[in-house]
Amino acid sequence: MIDYLRDIRLRPVWRPMPAEIKQAFAQTDLPVKGQSPWQTYNEVHSLVLPYSLGNDHPHFWGYVPGAGSSIGALAEFITGTMNTMSWGGHQSSIYMERQVLSWFKTVMGFPNDDTCSGILVSGTSVATIIALAVARKRFHNRNMKIYYSMDTHSCLIRAAELLNIEKHNLIAVPVNQQHQIDLKALKDAIDPCSCGFIVGTAGTTGTGAVDDLQGLADLCGSRSQELWLHIDGALGAVACCSSRLKPLFAGLERADSLAFDLHKWLSVPYECGCILIRDGHLHKSTFVHHIGSYLTLMDGGLTPITGELFFSDYGLELSRNMKSLKVWMTLKTYGFKQLGHIMEQNVDQAMHFANLIKQHPNDLELLNTAEINWNVYRDLNELAFLY
């Protein structure tokens, strides 16, 4: 795998899977009898490695996955070797996750104490389910309407359907010329007789637009008992690592919940996202469950009654792997400052590309000129597929 990383520039970004490779997968018999690990690895080398998505390649310009990193890959090997179950208790992975969450609370401007909670998850799709569930708990299962822009990620609709929130409670709000949610249209759409889950986006998937987060926070703050502000920061929120880019997200720190991915701009290996909830007590009360006798807490040992945190009380999973190590090792190795500089470089590259597009108006059209790289990056994605 060291050779794989060393020679990555010598290979094509992506290659289609030949019919014979597809057939090799489809026609392989049930492995009743094992084989040597070297044979197995050789099959991986010929059947799997050449036909990946390609996002680990320096010239990958499609979609928005991060490239991962060698330190992240090492972390995944260590994690797999430890094979720990990070549901909670007196073990290192829990303390590491708490530290990582503390760092992100600081970077995002959330309270860095036990009043504010969070959890590492697979990504923003799961984080959105958690945020919706906690908001509904706060509103005591009263009728809750969800307000979102027409450019909001589709994971919101999926989360609402999973939580049995009826379609008539999903209110799509138009966007303005900057592809931001239209605040006036939002104010006009809000039902004064219902609770509201207001979704702002810190970098939409389609154009990279950042909503007026301060305006959204002011709106929700005017009716704090009836309106919940959720920020989908899957793409852009981690740009708060950069002192230059952070002002673009002013207001994000006032959200009731914030979801963001670490496997995109931070290049943490897939899969890893995060959800921060301002009201930690409410978060826990939403998911805490009656445990079976086999998980009875004791006076001491691995699962003491007091003193330890159980992340299974803050999310959907009891069985969960240790996502914290690859995050911790990435942040410790590169540092928030260097990661922020890389993001600034990405923005500068995208702006340069935008200027090149403007020089050829008869051949190319610049769809959006927002201020983070994803906005122009999407145009670049289209070109990657056209040529």
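User: Which residues lie nearest the centre of the second largest pocket?

Analyst: This is a predicted model, in which local features need pLDDT of at least 70, side-chain atom pairs count only at pLDDT 80 or more, and totals for chains, interfaces and linings use all residues. Residues are numbered from 1 along each chain as its sequence is written, and side-chain values use heavy atoms, with hydrogens and water left out. A pocket is an open set of points on a 1 Å grid over the protein atoms alone, with protein on both sides within 12 Å along at least five of seven lines; lining residues have an atom within 4 Å of a point. Here the second largest pocket has 30 lining residues, and those nearest its centre are K284, E308, L309, F310 and Y314.

User: How much space lies in the second largest pocket, and which element gives the most to its lining?

Analyst: A volume is the space filled by probe spheres set on the grid points, which are joined across faces, edges and corners. For the second largest pocket that space is about 610 Å³. Helices (H or I, at least four residues) and strands (E, at least two) are DSSP runs, numbered from the N terminus. At least two lining residues come from each of α5 (92-108), β1 (117-121) and α10 (280-287). The top contributor is α5, with six residues.

User: What classes of residue make up the lining of the second largest pocket?

Analyst: Ala, Val, Leu, Ile, Met, Phe, Trp, Tyr, Cys and Pro count as nonpolar, Asp, Glu, Lys and Arg as charged, and the others, Gly among them, as polar. On that scheme the pocket lining has 14 nonpolar, nine polar and seven charged residues.

User: How many cavities of 30 Å³ or more does the structure hold?

Analyst: A cavity is a set of grid points where a 1.4 Å probe fits but cannot get out. The structure has two cavities of 30 Å³ or more. The largest cavity has a volume of about 110 Å³. Its lining numbers 13 residues, with R11, P12, V13, P50 and S52 the closest to the centre. Seven of the lining residues are nonpolar, three polar and three charged. The second largest cavity holds about 40 Å³, and its lining includes D151, H153, T201 and D232. By class, that lining has two nonpolar, six polar and two charged residues.

User: How many salt bridges are counted, and which residues do they join into one network?

Analyst: A salt bridge is a side-chain nitrogen of Lys or Arg within 4 Å of a carboxyl oxygen of Asp or Glu. The count is 10. R6 pairs with D3 at 3.4 Å, N to O, and with D7 at 2.8 Å, N to O. R6 and D3 are three residues apart in helix α1 (residues 2-6), about one turn of the helix. In helix α8 (residues 183-189), D188 and K184 are four residues apart, about one helical turn, and their salt bridge spans 3.1 Å, N to O. Shared partners join D3, R6 and D7 into one network.

User: Is R6 buried or exposed?

Analyst: Buried means under 20% relative accessible area, exposed over 50%, and partly exposed in between (1.4 Å probe, protein chains only). R6 is exposed at 58%, D3 is partly exposed at 45%, and D7 is partly exposed at 23%. D188 and K184 are both exposed.

User: Where does pLDDT stay under 50?

Analyst: pLDDT is the predictor's confidence in each residue, from 0 to 100. The protein chain has a mean of 91, with 95% of its residues at 70 or more. Residues 374-387 stay under 50. A contact means heavy atoms within 4.5 Å, and the model has 39 contacts beyond four places in sequence for residues 374-387.
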